[in-house]
Amino acid sequence: MSNPSAETPQPLTPDEESLVRALGQVMHVLPRAIDADMVGDRQLPLTEYTALMNLSEAPDRRMRMNELAALCHLSLSGMTRTIIRLETQGLVRRERCEEDARGWNAVLTDAGYARLQESWPSHLAAVRRRFLQHFEGFDLAQLARAFQQAGTAEPTD
């Protein structure tokens, strides 16, 4: 197998360059735009919504804080701050891990699940308006696979 870094790099084509730059813009702008729409609708901020969504999909609606942080693309300290905000609203609670007394679980409460359901229409509308409407006519399954492969940061060769 050849070492790609040992080969002479080829410049990006104009289309490749345009795609890479557009992706960078989307990664920066899209979460902020969805967050602004949700907050404008008086719903959960996107970071809190994402934490509750991931907890709602976890077994027993509970997850270790470090695992939740990874799924939400936050540092552990950022996740802790988010969970503390949600905890003060009664939407989650923190519990010591039974298997490891040093670790903590975040647990979605019934009130948290209800708040997630209340915020879901706002999130859905923002995602459709800000993102999905731009992909009408595209093969979404193929795009999803490409994004998933790119998101693994593993080369495909």
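Asp-60 is exposed, with a relative accessible area of 67%; exposed here means over 50%, buried means under 20%, and partly exposed is what falls in between, with a 1.4 Å probe and protein chains only. This is a predicted model, so local features need pLDDT of at least 70 and side-chain atom pairs count only at pLDDT 80 or more, while totals for chains, interfaces and linings use all residues. Residues are numbered from 1 along each chain as its sequence is written, and side-chain values use heavy atoms, with hydrogens and water left out.

Asp-60 is found in the loop between H2 and strand S1 (62-64). Helices (H or I, at least four residues) and strands (E, at least two) are DSSP runs, numbered from the N terminus. For background, most residues other than glycine have a negative phi.

| Residue | Where | Phi |
|---|---|---|
| Arg-42 | just after H1 | about 60° |
| Gly-90 | following H4 | near 80° |

**The chain as a whole**

The secondary structure comes to six helices and three strands, and along the sequence the pattern reads α-α-β-α-α-β-β-α-α. The radius of gyration is 19 Å, well over the 15 Å that the globule rule gives for 157 residues, so the chain is more spread out than a compact globule. That radius is taken over C-alpha atoms, and the rule is 2.2 Å times the number of residues to the power 0.38. Along the principal axes, the C-alpha atoms fill a box of roughly 55 × 40 × 25 Å. Of the 157 residues, 27% count as buried. Take contacts (heavy atoms within 4.5 Å) between residues at least 6 apart in sequence: 51% of them join residues at least 24 apart.

On the annotation side, UniProt puts "domain: HTH marR-type" at residues 16-152, in an unreviewed entry. Its positions are given in the numbering used here, feature names are shortened, and annotations may be inferred rather than shown by experiment. In the model, that span is 66% helix and 9% strand, and its end C-alpha atoms lie 19 Å apart.

**Helix H1**

H1 (residues 14-40) has 27 residues, which should span 39 Å at 1.5 Å a residue; its end C-alpha atoms are 37 Å apart, which agrees. The expected span is 1.5 Å times one less than the number of residues. H1 also bends by about 30° at Val-29, with Pro-31 following within four residues. That bend is the angle between axes fitted to the seven residues ending there and the seven starting there. Leu-30, Ala-33, Ile-34, Asp-37 and Met-38 are buried in H1, and what covers the buried residues of H1 includes H2 and helix H5 (110-130).

**Helix H4 and its cover**

Which residues of H4 are buried? They are Gly-78, Met-79, Thr-82, Ile-83 and Leu-86. Seen down the axis of H4, they fall within an arc of 130°, so they line one face of the helix; the arc is that of the directions from the helix axis to the C-beta atoms. As a general point, an α-helix has 3.6 residues a turn, so residues three or four places apart point the same way. The face of H4 turned away from the buried side carries the exposed residues Arg-81 and Thr-88. The cover over the buried residues of H4 includes helix H2 (46-57), helix H3 (65-72), strand S2 (92-96) and strand S3 (104-108). In length, H4 (residues 76-88) has 13 residues and reaches 18 Å from its first C-alpha to its last, close to the 18 Å expected.

Ala-51 lies in helix H2 and is buried, with a relative accessible area of 0%. Leaving out residues up to four places away in sequence, Ala-51 touches Leu-68, Cys-72, Met-79, Thr-82 and Leu-86. Ala-51 and Thr-82 are 31 residues apart in sequence and 8.1 Å apart in space, C-alpha to C-alpha.

Asn-54 lies in helix H2 and is buried, with a relative accessible area of 10%. With residues up to four places away again not counted, Asn-54 touches Met-63, Leu-68, Leu-71 and Cys-72. The C-alpha atoms of Asn-54 and Glu-67, 13 residues apart along the chain, are separated by 10.0 Å.
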